[in-house]
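This briefing goes through one structure by topic. The sequence and model come before the notes.

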Amino acid sequence: MRTPIPFLKGHGTENDFVIVPDPENALDLPPAAVAALCDRRAGIGGDGVLHVVRSAAHPEAKPMAAVAEWFMDYRNGDGSVAEMCGNGVRVFARYLKHAGHVGEGDLAIATRAGVKTVHIAKDGDITVGMGRARLPEGEVTVSVGEHSWAARNVNMGNPHAVAFVDDLAQAGNLYDPPPFSPAAAYPEGVNVEFVVDRGPRHVAMRVHERGSGETRSCGTGACAVAVAAARRDGADPAVTGTPATYTVDLPGGRLVITERPDGEIEMTGPAVIVAEGEIDGEWLENALR
């Protein structure tokens, strides 16, 4: 572990990540190491870690290796493993292009939520095929202080509770997970989105991401918000036969989400590499003591 470890730092609409290239899956990244790397004062700082591994080298991704060469082994900022991160996929794709592994155009990326199709455009924006949303039945409520709201249960490969509010300030500081009920709706925790309207097919949101706290952006959350808004607005593409596109403003930028009549969802937005260097192996070893 004392050997320096290459890393990069990137963000997608200010949802930021420590990128650790490890094609052959040779590094041991226990939760404590991930949390140390993501620490904004004592580490590099990030909402999560993008562990870049060839699918064939990772036991969870081997079944996808024939379709997707690269696996996004994503970890939340507290070190916990996550199924999927939409902004993370865009930054992951940006890294692959930056490193010369892929060029502009289409590619496939393996995630714990399945293989995601990605398009890297010449203008720099990256579009990710996010798959279909699942809408589990049952009423869900989320709370902040004395306020409570009915929320839409949307699963994008990871769980979301989407609440439409009058003012985003009602979400509070979002340091801690907003309470929800019933507990059985989200046995492993949930990402909670608070949403206000900005105009026709245009909303703004804040989010508490499970394992990370409030983040500047959440790609799967923006997709969940667009799906919930389309159902609320009577614009379900499966019913109307017409794609529904929503502009979603987040504290860190803007994403455009389109849901098609077949249920497939696409997310388009920017992704940036801002720095690269080496993690001091001795520091990381000490951080794990």
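## Ala36 and its surroundings

Leaving out neighbours up to four places away in sequence, Ala36 is in contact (heavy atoms within 4.5 Å) with Gly43, Ile44, Trp283 and Ala287. The model is predicted, so local features need pLDDT of at least 70 and side-chain atom pairs count only at pLDDT 80 or more, while totals for chains, interfaces and linings use all residues. Residues are numbered from 1 along each chain as its sequence is written, and side-chain values use heavy atoms, with hydrogens and water left out.

- Ala36 is found in helix H1 (residues 31-38); helices (H or I, at least four residues) and strands (E, at least two) are DSSP runs, numbered from the N terminus.
- With a relative accessible area of 14%, Ala36 is buried; buried means under 20% relative accessible area, exposed over 50%, and partly exposed in between (1.4 Å probe, protein chains only).
- Ala36 and Gly138 lie 38 Å apart in space, C-alpha to C-alpha, and 102 residues apart in sequence.

- The 13 residues of helix H2 (residues 86-98) should span 18 Å at 1.5 Å a residue, and the end C-alpha atoms are 19 Å apart, which agrees; the expected span is 1.5 Å times one less than the number of residues.
- H2 is largely enclosed by the rest of the structure, because 11 of its 13 residues are buried.
- The buried residues of H2 include Val89, Val91, Phe92, Tyr95 and Leu96, and also Arg90 and Arg94.
- H3 has 14 residues and reaches 20 Å from its first C-alpha to its last, close to the 20 Å expected at 1.5 Å a residue.
- In H3, 12 of the 14 residues are buried, so this helix too is largely enclosed by the rest of the structure.
- Among the buried residues of H3 are Gly219, Gly221, Cys223, Val225 and Val227.

## Nonpolar cores

- The largest nonpolar core has 51 residues, and those with the most contacts inside it are Ile109, Val118 and Ile257; such a core is a set of buried Ala, Val, Leu, Ile, Met, Phe, Trp, Tyr and Cys residues joined through side-chain atoms within 4.5 Å.
- Helix H3 (residues 219-232) gives the most to this core, with 9 residues.
- A second, separate core of 17 residues includes Val140, Ala151, Leu168 and Val196.
- Not counting residues up to four places away in sequence, Ile257 touches residues including Ala222, Cys223 and Ala226, which are among the buried residues of H3.

## Aromatic rings

- The structure holds 3 aromatic pairs; rings of Phe, Tyr and Trp (its six-membered ring) pair if their centres lie within 6.5 Å, with planes under 30 degrees apart counted as stacked, over 60 as edge-to-face and the rest as tilted.
- One of them is edge-to-face, because the rings of Phe17 and Tyr74 have their centres 5.9 Å apart and their planes at 75°.
- This pair links distant parts of the chain, 57 residues apart: Phe17 is in strand S2 (residues 15-21) and Tyr74 in strand S4 (residues 70-76).
- Both Phe17 and Tyr74 are buried.
- The rings of Trp149 and Phe194 have their centres 5.6 Å apart and their planes at 75°, so this pair is edge-to-face.
- Trp149 lies in strand S9 (residues 147-155) and Phe194 in strand S12 (residues 191-199), so the pair ties together parts that are 45 residues apart in sequence.
- Both Trp149 and Phe194 are buried.
- The charged end of Arg232 sits over the ring of Phe164, 4.3 Å from its centre; this requires NZ of Lys or CZ of Arg within 6 Å of the ring centre and within 35 degrees of the ring normal.

## Asp249

- Asp249 is found in strand S15 (residues 244-250) and counts as buried at 18% relative accessibility.
- The side chains of Asp249 and His202 are joined by a polar contact of 2.7 Å; the term covers a pair of N or O atoms within 3.5 Å where, within protein, one must be able to donate a hydrogen and the other to accept it, and residues adjacent in sequence count only if both atoms are side-chain atoms.

## Backbone

- A cis peptide bond joins Ser181 and Pro182, with omega about -5°.
- Glu14, a residue other than glycine, has a positive phi near 70° and is partly exposed, with a relative accessible area of 35%.
- Arg201 is not a glycine either, yet has a positive phi of about 55°.
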